[in-house]
Amino acid sequence: MATLENLPSAGTERPIGFGRLKRKEDARFIRGKGTYLDDIRLPGMVHGAILRSPYAHARIVSIDTSRALAHPNVAAVVTAKDLETLGLAWMPTISYDTQAVLAGDKVRFQGQEVAFVIATDEYSANDALQLIDVEYEPLPAIVNARKALDPDAPLIRDDKVGQRDNLASPTWEAGEREATDRAFAEADTVVTRDIIYPRCHPAPLETCGIIADFDPETGQLDIYNGNQAPHAHRTVYAHVAGLAEHMIRIRCSDIGGGFGNKVPVYPGYVCAIAGSIVAGVPVKWVENRSENLMSTGFARDYVMHAEMCAKDGKITGLRVDVIADHGAFDSTAQPTKFPAGFFHIVCGSYDLEAAHVQVKAVYTNKAPGGVAYRCSFRITEAVYLVERMVDALALELKADPIELRMRSFIGPEQFPYETTTGWTYDSGNYAETMRVAMEIAGYEELRREQAEKRARGELMGIGVSFFTEGVGAGPRKHMDILGLAMNDGADLRVHPSGKAVVSISAQTQGQGHETTFAQIVAEELGIPPEDVEVRHGDTDRSPYGLGTYGSRSTPVSGAAVAVVSRKVRDKARLIAATMLETRPEDLAWEKGRWYVKGDPEKGAMIEEIAARAYSGEQMPEGMEGGLDAQVIYDPPNLTYPYGAYIAVVDIDPDTAHVTVRRFIAVDDCGVRINPMIVDGQIHGGLAEGIGIALMEVITFDEEGNCLNSSFMDYLIPTALECPDYELGETVTPCPHHPLGAKGVGESPNVGSPPAIVNAVIDALHETHGVDHIDMPCTPARVWAAMQGRPEPPQ
Amino acid sequence: MQTPAAFEYERATSVDGAIASLQRLGPEARIIAGGHSLLPMMKLRLANPAHLIDINDLEELSYIRVDGDEIRIGALTRHVELLKSELLAENLPVFRDAETVIADPVVRNRGTIGGSLCQADAAEDLSAVCSAVKARAVIRGAGGERVVGMDDFHVGPFQTAVGDGELLTEVRIPLRPGAGSAHEKVERRAGDWAIAAASAAVWLDGGTIADAGIALSAVGLTTIHLTRAEELLRGKAPSDDLFAQAGAIASEDCSPTADGRGPVDYKRHLAGVLTARALTRATARAQEARS
Amino acid sequence: MNVTISINGEKVTRDVEPRQLLVHFIRDTPGLTGTHWGCDTSNCGACVVQMDGEPVKSCTILAVMCEGHEIRTVESLEVDGRLDPVQLGFHETHALQCGFCTPGMLMTARALLDENPDPTDQEIRTAISGAICRCTGYKNIVAAVRWAADYEAAAKQEV
């Protein structure tokens, strides 16, 4: 009978090191034996639920909790007043702003947290929410970022001393203003567009939640949480709650998707912790889907005005002005020095003469957030902008969009390339990747088919995007979050039997770390992946690091694991030299074994070296026993994966319904540790890109009511909307990464929305004169564009 | 997850028993069959019935059969059965068209035709289907049965002719010669409610349309029955031009509201396009059936 | 009220409120947290189990409605240490990443193959269109079901 071990397999390879290795973590998930947050039950545990504001902007006149407290299953009802006594009514955000944990004076977005109920069970907690009476005095709401700075706009953050308007973050600039002005002056062609990247939401399938378990006797706070950055959270809680950091332990459960949604510290977490500290029992809080969509970290919401110029058929300059809608509190996550994240990579993959970017952030009466959903710190917004502008320029120049890109690309000989906005791209051969995509797509054939279809009145579009992004934040001299350096650690222990445990700072939410990080150790040391256990997610048992987002696992944690493995290998060399009675420089390495150069029969396998390291036998001079090593890795730079994407869409000429018929994605993420996992990451991101391009959006009416607060109206693609993706690869190693790997998790979200929107416009430009459309390209919005009335989303 | 408020529950063991319970418990009692309209509303606390009467054991209400010159469908028949039924596919292919695009395959295992019709959401597809095929609804109460046409069945948004203490038990569809039917729907994503949908049935006699049934989903407060378009078609020979005219009437005679699915002008446009398409396919099927 | 539900062939009896949803009844049963939930509006499919062999959304069924019916969850797929071909297929083709949608997808796939042992890719996509996956983009899930179908066809031939 077939079992997991001996089933007939398409490939029988079980690589030691890099390669297509099936995942170790599958064993529990395919049996339904994962441990997600809501699966955890602790003795004596009680349940929290949050009462949320129905208004986008309103004064709180009174809160009456008496009816809820009278419910037999309710243990407590917490309001801002109660939190004030603990100093927890407000908390700092990652952007150095403050955010209300529970609203006291005012509510500032629909869905904002107003009260926290603790009850014996979930159903009673939900019932109790109906029994809390809050009197509100509604105020006018601002939901349009463009209007947030109007002189008569209501002041949202009147809690902040000295705040006189709705500016969240003053204008931040990058690039060279004068050089850009010169480039535009000398250009022969200029195009201008107003481009919106609408608000959307990462919506992982598992919502956010926490179990806080404070032991009053020991003072230990145990937290269970699906959390992309557990160490950072621990430091934040220590600071916010005035607790001793060494007495806080965060254990990450299996996480049902993160995508940036599980990076922030949410008010619900703080309420659960406060509740447990006060009540002395474990408190569980798990949000429902409406709460997730209405109040947790959304993504994007950039209102952009851009100009691009060209000379002699080549792109020469770019100017971008952005209003960033941060919602009611500024809680975006990005390195301190970069309040607009990495948006200034908007110069893209092109050898520009100059570019200039300015971004200002505003408050609105909407949920806080902005940096999420595989955005690489705003690179999704930047690449969307530049790739849409390149296509706009192509229309103006009547040039093929691929040819225009090829003419304007940074050439392979120009790497490492310093962009006009301050980035140093590590390596790239863009034209080659673009050519591979064209070949897989059959680009010439597609253009022929398009012409034939157009003659028959059928609408077909081919859209291209080429992206360069920067991931793996980041070097400590440039990048910190809340003053914490964005370095990651790795801790490798090889046991006497030759089995190993590697503890890492990264935190998987499905990316396959339990397999890929074992593969890195296997590649470096020759210990089979099944003999390497990957530990992460427990702040007591893993080294300090800033977590997993911004595609940083491979570039930072992966590098750390490679470096620590090499440290162990170097130590093993010294021990092997003693064992073999030779000098270390006389030894050569083949995977898993040090052997004597010139006498290869004479060698020591890593397992033998490990046994020796713990034995009573003689060790090399000055060396302690054991075969362990620890490292903190400070990346010298970001890494810069890139890719060429081509989308083929068909549009029903009468109903304006868009179908993505084909999607070709050729990614260059440097060396691939496990190509199967890389492909899987790309598939998932492409589906998300299709969602963003065609159907995912969070909108509000004028009163600030959120119109997409359930999966009935926040639409996510099913298997029927996604084509059978066609993937290709080129491999241009990263020169500064120990493995030559770059990381890939966010690339598909970065590259796919502009390819699809470019395809929609390509389908409609000649026949209907469409030269711009904003996302999402729903049938109604596409139809309006076809009528000559493209409308921006609300 | 959001959870419903508390309620009392009983299982009906017979149709008359269910009706008796409805009478006894009054308007605070609701029937639950598939539950995929009612339970989501209860979780969101938009509906808070004090009593639920579960009729899922009433197998006698689940059937699709020919009875004389009618097809009769029991109210408890699940969407998946309507989708799979070869009897319906042969005689009234509009049902299979619609079921392919109603909700998703998993929901279709539970939802029922009775539940869909009684939910009376204007965006609901089967209501338009039943209107187009000239179906009649059988409503049973303590006093006996009455049979009601679709126009009278659909009273208003989320309101039907089924009164307190009554139960929809059956849907009856006439079988007449020369029939062809089709359903056309546009949605933002598979499984979504219609932005607009059109059901059309035609009955051909020789080269002309003897009778037609056309109804629209999601473009009014309730299902839109296009009587004016039907009148236009009767006695005429089918043609693209004729169907375009019917489409123009559809655009005029519907009353869509703007919402997340689309603005008014687009919905009117869709109503026209889908009416013409549904009529074209219905006619092709009728012509195929004859040949 | 007291209710007895047959889950994976075993009778589970508990005193519950009529409003308790089947998904919670299942998850409150020791060892059965493999059935998940992800939304409030019956859209996401994380809660899919089989009722009398058909995939259903357990978040939209009351526990009390299930007395007299057979409920089957993901935990029933492995029998005596042998994994079901759909489980093998998902592992083989990397059809899961975070694993949260996986139990619902597995139960849907199992039901599909029980009814249609040789589905086309389009039929597979339609069958799983009631469930959302955020991680895989569906391509490998389709491949997994295809793999399991081929595996079962080959196994039948050998018999």
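Domain bounds here come from an automatic or database domain assignment. On that basis, chain B has domain 1 (8-54), domain 2 (61-174) and domain 3 (181-290). The model is predicted: local features need pLDDT of at least 70, side-chain atom pairs count only at pLDDT 80 or more, and totals for chains, interfaces and linings use all residues. Residues are numbered from 1 along each chain as its sequence is written, while chains are lettered from A and ligands numbered from 1 in the order in which they are written.

**Domains of chain B**
- Between domain 1 and domain 2 of chain B, the C-alpha centres are 19 Å apart.
- Their contact (C-beta atoms, placed from the backbone, within 7 Å) takes 12 residues from domain 1 and 17 residues from domain 2 of chain B.
- Helix 1 (residues 15-25) of chain B gives the largest share of the domain 1 side, five residues. Helices (H or I, at least four residues) and strands (E, at least two) are DSSP runs, numbered from the N terminus.
- That domain 1 side has seven nonpolar, five polar and no charged residues. Ala, Val, Leu, Ile, Met, Phe, Trp, Tyr, Cys and Pro count as nonpolar, Asp, Glu, Lys and Arg as charged, and the others, Gly among them, as polar.

**Domains of chain A**
- Chain A is assigned domain 1 (41-139 + 207-255 + 262-295), domain 2 (298-473 + 637-786) and domain 3 (487-633).
- The C-alpha centres of domain 2 and domain 3 of chain A lie 39 Å apart.
- Contact between these two domains involves 19 residues of domain 2 and 17 residues of domain 3 of chain A.
- On the domain 2 side, nine residues are nonpolar, eight polar and two charged.

**Contact of chains A and C**
- Chain A supplies 51 residues and chain C 44 residues.
- Helix 1 (26-29), helix 8 (289-295) and helix 16 (675-694) of chain A each give two or more residues to the chain A side.
- Helix 16 of chain A gives the most, with seven residues.
- The chain A side divides into 24 nonpolar, 17 polar and 10 charged residues.

**A sheet in chain A**
- Three strands form an open sheet in the order 6-2-8, with antiparallel pairing.
- Strand 6 (106-107) and strand 8 (133-138) of chain A are at the edges, each with a single partner strand, so one side of each lacks a neighbour in the sheet.
- Strand 2 (residues 58-64) and strand 6 of chain A pair over two bridges; pairing requires at least two bridges found by DSSP.
- Ala58(A) has Val107(A) of strand 6 as its bridge partner.
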